[in-house]
Amino acid sequence: MRNLGNLLVVICFLLGQCGIIRTVKAKSNVHIVYLGARKQDDPALETASHHDMLASVIGSKDAAAKSILYSYRHGFSGFAAKLTESQAQELAEFPGVVRVMPNTLFRLQTTRSWDFLGLSPSHSPTSLLYNSRMGDGVIVGMLDSGIWPESKAFNDEGLGPIRSRWKGGCEPAEQFDPAKHCNRKIIGARWFVDGFLAEYGKPLNASGDREFLSPRDANGHGTHTSSTAAGSFVSNVSYKGIGYGVARGGAPHARLAIYKVCWNVLGGQCSSADILKAFDEAIHDGVDVLSLSIGAAIPLFSDVDDRDGIGTGAFHAVARGITVVCGAANDGPGAQTVQNTAPWILTVGASTMDRAFHTLITLGNNETLAGQAIYTGKEISFTSLLYPEGTTLDPTSAGTCEGLSPNATLMAGKVVLCFTYMARRVAVTIATAAVKASGGVGLIVAKNPSDGLAPCSGDFPCVEVDYEIGTRILFYFRSARFPTVKLSRTITAVGKAVPAKVAFFSSRGPSSISPAVLKPDVAAPGVNILAATSPFDPSEDNGYAMHSGTSMSTPHVAGIVALLKALHPDWSPAAVRSALVTTAWRSNPSGFPIFASASPLKLADPFDMGGGIVNPNSAAEPGLVYDAGMPDYIVYLCAMGYNDTEISHLTNKPTPCPARRPSVTDVNLPSITIPSLRSSVTVTRTVTNTGPPRSRYWAVIEPPSGTMVTVKPRVLAFNRKTKKMAFAVTVRAVAPVNTGYYFGSLVWTDGVHAVRSPLAVRIVNQTPFYLAE
């Protein structure tokens, strides 16, 4: 295989979690020529101008037609073509060319979750689910690995006709017949592979993984995310007998438009040329929401660098009123690992929900402990417990899961206990294989919690516990003459006794590009999510699979956005984001604050979950919203120091930045983050009243430690003529020390609504330091 371009890797099925991606740089013969906003109203004229430009470099229109892969002609202007380095360099010098960049290859990133979020059909008939008519008429575009159309999750029972404004359609291709596989649920299905194939240089199925040159999904990732966002009602669904209930998407009456850009090669790869073309077509087709469980990697590309394909495509989509929802990535719990950080993108972290899968471990002394597993086989009755002690020659090998190797003499017929420092499931997979090959009957793994679970091969009982419980089991093993243990089948626990928390793997802020833009925006359920999948998914069980990752939390929010768009069709993408951020949960239903999985477990802060875990019903009536549009995003681009030419090409009009460089804090975001507070900073915000015309809101301030926060005015009075009001927030440092980030909030309340903006401040003291002599 020839060298691949920048690679984004989502460790989906190997690790039992679906996550967003790693990057490897290499040369490419496919280049994207980006021309900014389109120049012609007629798409055909736009395409002709692309061919003319390319022909002037290559030498003829015939050669240009063979070289060009895509013409981007709807949402923005440009083309993807096979070019030599010298041709790419020559095109880069043409007037009107913003930049020429090499193609990039990316790899990819339920029953209970909607009840947890308050969107159960059995809940109040005044809920968002009912008031929005379950998202009827809203079109959700999915940029992913395609769809398995035969799944019951995509039946169109009870759906009305497709809206006349829809310009998209379904494309016939390999094992995909629009007459059979599209309906009033799946109303669009396109596929984009030219950019990927030009890089891969082999037949699509050369890797041995099944794939289809069509919108049909072999990987399963796209089917899972699509059914999570907008799947229809399906009764009596479970995964290997657990998590039983009715499966559906967040907006079960919304329509789906599928844009297959990720291909089942080496786990799933996606080309930036294909992604940009999908954005272009989705804008033309008329989608309302776009969901992408794809992302970049650290270090991130800049906001105007088109090599990731997502930031630029999202900018043009948002400019046309389309909300773009992306995952934060799965590189947590480390700081500054969040991805998809542009302020026009709605970035989603992952949380657990009020459901857990417990497996009871009963020791020979009758002590019962709780572990976590997905095990539905027969109970393992009392049998011998083994902890592989280290040898005198190698004491470090004692009980290390990743160090286990098959040993039938030692492990046959026993349950093995081991410890690992790896939070991910690699060590569990290695240890399971060794114990199973040795004739062992079960495995207990003591590890840092990673939240996401997956069944072990062949429904082998592999139970995860934390180090405390693992140590208690170890002490029992060492103290008992004949230690034994019993492993029970997994049981499902739900309700207030299972508090939600931010998932261990969920990427955290602050943004490594612009820490003054709070990311992620919100969190949503993304752990052990049960949804439809492809029959080729190794984890599939009766058409469904349970997966974890921000890939799963992203379509949760996309489904909620669809409901909000149905209820408030005039809301901008920024208004939708504001409603979600300012009404999100910071506490569990029990009243206790939300924690974030890390080492150790800690109280969650805005860098873990943004405003909090999404609260759809409150977001439907937020009271006030922080709206924003292109002027705000231009302020951001200028504040970031991008040049006038790049910004003007994005906006399709001369857009010079002011002589005095603005601050990112001037963007009208629903949060305030000050990464470097030296003395005092004043920021302004504008809110729009979405509630009763005559409303009065009072400011309630919770200042971050070491600061004093004042707001002017302290009262906002709205009437029929005054729908928008501005206010100023001044943050002063009162602690003369260098600090990390401290957090607080600004809440506007009218006694009914509580419009909460997170505050994040880091004090940077300028006092000089002297070396002691």
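Let's start with D52, which is partly exposed because its relative accessible area is 38%. For the wording, buried means under 20% relative accessible area, exposed over 50%, and partly exposed in between, with a 1.4 Å probe and protein chains only. D52 makes a salt bridge with K61, with the closest N and O atoms 3.3 Å apart. A salt bridge here is a side-chain nitrogen of Lys or Arg within 4 Å of a carboxyl oxygen of Asp or Glu. K61 is exposed, at 56% relative accessible area.

Quick housekeeping. This is a predicted model, where local features need pLDDT of at least 70 and side-chain atom pairs count only at pLDDT 80 or more, while totals for chains, interfaces and linings use all residues. Residues are numbered from 1 along each chain as its sequence is written, and side-chain values use heavy atoms, with hydrogens and water left out.

Back to the salt bridges: how many does a search of the whole structure find? It finds 19. Take R508 and D608, whose side chains meet at 3.0 Å, N to O. That pair links distant parts of the chain, 100 residues apart, with R508 in the loop between β24 (501–502) and β25 (522–525), and D608 in helix α16 (residues 606–609). Helices (H or I, at least four residues) and strands (E, at least two) are DSSP runs, by the way, numbered from the N terminus. Are these two buried or exposed? R508 counts as buried because its relative accessibility is 2%, and D608 is buried too, at 3%. Both belong to a salt-bridge network that also takes in K602 and D605.

Now the inside. The largest nonpolar core has 70 residues, and V557 and L580 have the most contacts inside it. By nonpolar core I mean a set of buried Ala, Val, Leu, Ile, Met, Phe, Trp, Tyr and Cys residues joined through side-chain atoms within 4.5 Å. Helix α14 (residues 550–567) gives this core its largest share, nine residues. If we skip neighbours within four places in sequence, L580 is in contact (heavy atoms within 4.5 Å) with residues including L346, V522, V557 and I560. Apart from that core lies another, of 60 residues, with L69 and W166 among them.

Last stop, helix α8 (residues 221–230). How many of its 10 residues are buried? The count is 10 of 10. Those buried residues pack against several elements, including β6 (139–144), β10 (255–260) and α14.
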